[in-house]
Amino acid sequence: MSTLVIVESPTKAKTIRNYLPKDYQVEASMGHIRDLPSSADEIPAEYKQFEWARLGVNIDNNFEPIYVIPKGKNKTVQQLKQALKSADELILATDEDREGESISWHLLQLLKPKVPIKRMVFHEITKDAIQKALSNCRDIDENLVHAQETRRILDRLVGYTLSPLLWKKIAAGLSAGRVQSVAVRLLVQRERERQAFKEAQYWDLKALLNHEKTNFEAKLTILKGQKIANGSDFDSKTGKLLKNKKVIVLNEEEATALKERLKGKIWQVADTEEKATIRKPSPPFTTSTLQQESNRKLGLGAKDTMRIAQSLYENGYITYMRTDSVHLSDQAIAAARSCVEEMYGKEYLSPQPRQYKTKAKGAQEAHEAIRPAGSTFRIPKETGLKDKELRLYDLIWKRTVASQMADAKLTQIAVNIAVEDTIFRSSGKRIDFAGFFRAYVEGTDDPEAALENQEVILPNLQVGDKPQCKQLDVIHHETQPPARYTEASLVKTLESEGVGRPSTYASIIGTIVERGYAQLRNKALIPTFTAFAVIALLEKNFAELVDTKFTSKMEQSLDNIASGNEKWLPYLDKFYRGESGLQNQVKIRETQIDPQTAKAIELENIDVTVKIGKFGAYLEANYGEELVKSSIPADLTPSDLDPQQIETLLKQKVEGPPILGIHPETQEPIYLLIGTYGPYVQLGDKPQGKAKKPKTASFPKGIQAEDITLEMAIGYLTLPRTLGEHPDTGKPIKTSLGRFGAYVVHDQGTEGKDYRSLKKEDNVLTISLDRALELLAQPKATRGRRGTATQTPLKELGLHPEDNEAINVYQGPYGVYFKHGKTNVKLPDGETVESMNLDKALLLLKDKTPATKKTTTAKKTTTKKATTTKKATTTKKITTKKIT
């Protein structure tokens, strides 16, 4: 008897094969094998006549989805069908969440097996887990399938109904999404709060005191019996002093006068207070908390965290990484407690095993927290893992082990010191028992170093003691606007509000940045002009769809569908159809929304009009007697736009660019301009007609217009600069600035060009021939496509399982593509950098290689026949869901 087991990815197949009987054949579906059409090309011809066809969902027939086999998946489907022919049993072993259940259901619908079928689920890939799962197979859970399908249809209806409206009213290529737009609105709301924030200033005093040869600090808290204002007394959203706050707000003059008055006075301890506190360890990781902590501690974005976690799971290092649960199995608790006892001693164990309860709204997905796999946890340094995989595994290991450790015991110490009519307060903290701090402290990589930072040691002060004042300083404070969202804080907010599911947050954040709704700078997500325009339109016309509470209720309904407590069809019908349904509301609003109003953006403290145009954001203002329009550089966001920049852009448009100076050799003027992609310089005036355009030069990213000098401009206008000849070839070596930064190139004529990127310490204007030769002698990171060697990948997909060579995604002159060795594959229609993964790449490479060989070896006389055959075999298979 032979058994066919189907999983999603080759990596998972490779790992699980080690724990199954030898006569079991394991194949990969490469993710979903059916989906809604991703583009107009994929819509079957027989449906194109209907208005609903662009949705991929027949809204007139019980929301029947049109399923097609995505581009590049036909070969996989044929391979699975072929493997099934020789099998006596089929086991569907896709992931245990809704998405995995859906993949299994689609496999069942498409393969139509005539042999017995089993559904096998597991949350870790270990021998024990796989053996147990084999003994406890079940049927496909139709409720989970309906929940996933409803979610997919709902997302399609929202996105494909609202996005065309944005194209008509604001600009082409924009998109709206059920969760995406809510997330963008959070960013915009926070930026509005920052713009409306009014900075407040206040002053206080800080003293450096000494007692028994120990220095310590104290801050002014009371003056004449009244509390001195501190940061908590001001509204975090407006910057203003909170109402009914009876505090003294000192200005600089008052604080300085108080300092002079206290000089030479006697300081005496008025009272002391000690308070014992305990700190309990955090629960093990969920998807959301892993993304947050990975961003804070390791600097990894949500998508990188999930990509690495998936690799760890599929290779058997951790449990399933998409989960809302903080629960640990008895086996996991025993393994964690064993690690604690072995590495830290029994005294660091919690008295009783700790079990945690999930608090997230609508928690679902897998039934256990993310933890090291197995009945014993592998020590991080003994896993053989490297780099980011090791660091993430180490984080998961520490958090899991710490969850079973004893509480940390601390003593908070407060000392009030009187001087004249003031009270200064000194605060200390003593760690009496480190407990779980020995293994894990949130927000730090080194628990031992963190223990020192946790303690603030004060001298042994008693009432009546008279410490000496060594220094007294006036301290200036400014209230700070609300912090912008980082990936970690946005994930935390989305989860706490019950918006979307943690397993989707990585792709949502990636989409927001990739589609130009936010820029990621120093971990902060900054909304763009496009984000402001889109959110303003949605708020005014579809307020519910971008409201966190409404979206949270939608998630609850989807959870109810998953548990069988709510019917999916009536829910979809109510949401989309009828007088108050989305379909009708969009039709009504389409006639009411004025495009010119929708394109305009309202910004605080800006007197000009900002609009979204065909080529991005632009200014519109009266400059003198003239109405002027000027493009806003692509890297500027609403937070960057100030009156000075507006004046510069408008003045350049009307009066022409300013002159930096005269070129010493050509005696031509050098102009400083600001273009779509930032500042650049131009040598000489623009000629009339078709004459040769003047030379221009751009600058490295990060250089501001005000920092550019005449000397810099002259230097960059010399690029490309010839450094000399290569000693081996006699061919020229040049340096210049390209799209991806500064580089050196060895121009070998017919032999091609050899590129290397300059390092951080190199300067394109001063680099020497010897340094260029040193860089050229270093091996390339990649080989093949022109320019790739000097590029940084847009995304690293992973290593090919057959040759361990990297598969990376790059931006090419004709679009985005991925590369393996010397093979380049353009991303298919509908795929983005964010959605592309290793499994999809392997599938496309599998299809490309044989086709390439066939083409290059085919004889000229059989070209027509080969083309016809190929066309026939790649025709999409169309299926629709049967209504039950």
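Contact here means heavy atoms within 4.5 Å. The model is predicted: local features need pLDDT of at least 70 and side-chain atom pairs count only at pLDDT 80 or more, while totals for chains, interfaces and linings use all residues. Residues are numbered from 1 along each chain as its sequence is written, and side-chain values use heavy atoms, with hydrogens and water left out.

User: Among contacts in the chain with a separation of 6 or more, what percentage do residues 24 or more positions apart account for?
Analyst: The contacts considered are those with a separation of 6 or more. Of these, the share from residues 24 or more positions apart is 67%.

User: What is the radius of gyration of the chain, which has 24 helices and 32 strands?
Analyst: Helices (H or I, at least four residues) and strands (E, at least two) are DSSP runs, numbered from the N terminus; the chain has 24 and 32 of them, respectively. The globule rule, 2.2 Å times the number of residues to the power 0.38, is compared with a radius taken over C-alpha atoms. For 884 residues the rule gives 29 Å, and the chain is close to this, so it is as compact as a globular protein of that length, with a radius of gyration of 32 Å.

User: Is Thr126 buried or exposed?
Analyst: Thr126 lies in the loop between strand 6 (117-119) and helix 4 (127-135). Buried means under 20% relative accessible area, exposed over 50%, and partly exposed in between (1.4 Å probe, protein chains only). Because its relative accessibility is 13%, Thr126 counts as buried.

User: Which residues does Thr126 touch, not counting residues up to four places away in sequence?
Analyst: Residues up to four places away in sequence are set aside. The residues that Thr126 then touches are Tyr19, Ala373 and Gly374.
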